[in-house]
Amino acid sequence: QRAAVCVAPLVSGAGFRTKVVQYAALRRPCDATSIAVEDIALEHGREIMVADDCQSFASSVVTLLRNHVLAARMAEAAHRKAMAAYDNNAIADGAIEGLYRELDPERAKA
């Protein structure tokens, strides 16, 4: 929780990668491989750094460590996006609204 930069250097795997979303929820800047962020709605250079080769990955980590303003801006942007897309309450609210629309379209308009 106190890391200056979090990393997700996955080179293989399947399924949803929760660590990257957890880093965003904690407002921590992250450097990850493209496999680690597959199917996660975070944009490279805006909310996260994505690099697949060792040199680029290390360079991204160093950039985030040296540039505190960039790291903070990316961490905050990632946090906003993660809370909007992956927060359990937001997901449940959307599911309930969808259920209302299916069961009673007139009630959903109210």
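1. Let's start with a pair of neighbours: Arg46 and Glu47 join their side chains in a salt bridge, at 3.4 Å from N to O. The term salt bridge here stands for a side-chain nitrogen of Lys or Arg within 4 Å of a carboxyl oxygen of Asp or Glu. In general, side chains of opposite charge can pair when their charged atoms come close.

2. A word on the source: this is a predicted model, where local features need pLDDT of at least 70, side-chain atom pairs count only at pLDDT 80 or more, and totals for chains, interfaces and linings use all residues. Residues are numbered from 1 along each chain as its sequence is written, and side-chain values use heavy atoms, with hydrogens and water left out.

3. Is Glu47 buried or exposed? Glu47 is buried, at 4% relative accessibility, while Arg46 is partly exposed at 48%. Buried means under 20% relative accessible area, exposed over 50%, and partly exposed in between (1.4 Å probe, protein chains only).

4. Glu47 also forms a salt bridge with Lys81, at 3.2 Å from N to O. Lys81 sits in helix α3 and Glu47 in the loop between β2 and β3 (49–50), so this pair ties together parts 34 residues apart in sequence. Helices (H or I, at least four residues) and strands (E, at least two) are DSSP runs, numbered from the N terminus.

5. Now look at Arg27 and Glu76, whose side chains meet in a salt bridge of 2.9 Å, N to O. Arg27 is in the loop between α1 (18–25) and β2 (30–32), and Glu76 is in helix α3 (residues 68–86), 49 residues apart.
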